[in-house]
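Please look over the sequence and structure before reading on.

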Amino acid sequence: MPLRISVLLSGSGTSLENLFEHRDKGQLDVEFASVISSKASAFGLERARRRGVPAYAVPRKSHRDERDFNDALHQVLDENPADLLVLAGFLSKIELRGYNGRAMNTHPALIPSFSGTGFYGDRVHRAVLEAGVKLSGVTVHFCDEEYDTGPIILQESVPVLDDDSLETLRTRIQAKERELYPRAIQLYAQDRLRVEGRLVRVLG
């Protein structure tokens with residue numbers, strides 16, 4: 001049976017579209033249980049509806065606090081059970097509850113560098129350029145209850161060039177992310193990931 005995934009997003013859904021494309025090519029053995037957005041205006045919801053995937057908005061601003069928001073989020077998840085949560089540009093903090101060890105995220109840098117609270121999207125790339133480092137990259141990791149601190153599944157570097165702009169660096173990072181994230185999800189679908197403390201072993 002294909003792995004059932006729920007994709008959580010807050011924006012345009014380009015990462016979601018990438019997962020759809022990998023599934024269509026036979027490179028990702030998943031079915032989409034649901035797509036959930038923390039913003040009602042997110043175009044990712046429209047991408048899901050066009051594919052016939054149940055799409056839900058759980059706006060963070062409509063809930064009085066983080067716990068109330070997570071109660072609403074998990075109510076939707078309970079109604080659409082998934083084997084794995086896939087965070088794809090989800091900008092709100094999630095309580096894992098029953099999904100500990102069954103939730104993934106991607107980060108556009110080499111964790112633990114340029115990660116944690118406040119580091120997302122172009123904020124990461126801008127900090128990389130300002131620091132003058134020669135390497136950035138992409139990290140796919142399991143989620144825990146904090147930002148960007150879960151066990152690392154896959155990680156690959158991307159060179160930072162002397163003449164890089166925010167746009168050129170972002171483009172190369174996103175290209176690597178489109179490759180790495182589906183690979184990590186497929187490894188999970190094949191039951192080839194084993195977590196031993198902070199270490200994630202890839203079997204076979």
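## The largest pocket

Five elements each supply at least two residues of the lining of the largest pocket: H1, strand E5 (103-107), helix H4 (122-131), strand E6 (135-142) and helix H5 (166-189). Helices (H or I, at least four residues) and strands (E, at least two) are DSSP runs, numbered from the N terminus. The largest share of this lining, six residues, comes from H5. The model is predicted, so local features need pLDDT of at least 70 and side-chain atom pairs count only at pLDDT 80 or more, while totals for chains, interfaces and linings use all residues. Residues are numbered from 1 along each chain as its sequence is written, and side-chain values use heavy atoms, with hydrogens and water left out.

The largest pocket holds about 1,000 Å³ of space. A pocket is an open set of points on a 1 Å grid over the protein atoms alone, where a 1.4 Å probe fits, with protein on both sides within 12 Å along at least five of seven lines; lining residues have an atom within 4 Å of a point. Points are joined across faces, edges and corners, and the volume is the space filled by probe spheres set on them. In the largest pocket the lining has 45 residues, and Ala 88, Gly 89, Phe 90, Leu 91 and Thr 106 lie nearest its centre. By class, 14 lining residues are nonpolar, 21 polar and ten charged. Here Ala, Val, Leu, Ile, Met, Phe, Trp, Tyr, Cys and Pro count as nonpolar, Asp, Glu, Lys and Arg as charged, and the others, Gly among them, as polar.

## Helix H1 and its partners

H1 (residues 14-24) and H2 (residues 43-50) have axes that come within 9 Å and cross at roughly 25°. Axes are lines fitted to C-alpha atoms, for helices over the stretch in contact, and angles run from 0 to 180 degrees between N-to-C directions. H1 and H2 are therefore roughly parallel to each other; angles under 35 degrees count as roughly parallel, over 145 as roughly antiparallel, 65 to 115 as roughly perpendicular and the rest as oblique. From H1, Thr 14, Leu 16, Glu 17 and Phe 20 meet Gly 44, Arg 47 and Ala 48 in H2, where contact means heavy atoms within 4.5 Å. Three of the residues in this contact are nonpolar, two polar and two charged.

With H5, the axis of H1 comes within 10 Å and crosses at roughly 60°, so the two helices, H1 and H5, are oblique to each other. The crossing of H1 past H5 is right-handed, meaning that the near helix is turned clockwise from the far one by less than a right angle. Ser 15, Asn 18, Leu 19 and His 22 of H1 meet Glu 177, Arg 178, Pro 182 and Ile 185 of H5. That contact divides into three nonpolar, three polar and two charged residues.

## Helix H4 against H5

The axes of H4 and H5 come within 10 Å and cross at roughly 115°, and H4 passes H5 in a right-handed crossing. H4 contributes Asp 122, His 125, Arg 126, Val 128 and Leu 129 to the contact, and H5 contributes Leu 166, Leu 169, Arg 170 and Ile 173. Five of these residues are nonpolar, one is polar and three are charged.

Most residues other than glycine have a negative phi, and most peptide bonds are trans. In the loop between E5 and H4 lies Pro 112, and the peptide bond from Ile 111 to Pro 112 is cis, with omega near 15°. Phe 114, also found in the loop between E5 and H4, has a positive phi of about 50° although it is not a glycine.

Asp 148 lies in the loop between E6 and strand E7 (152-159). Asp 148 is not a glycine either, and has a positive phi of about 65°.
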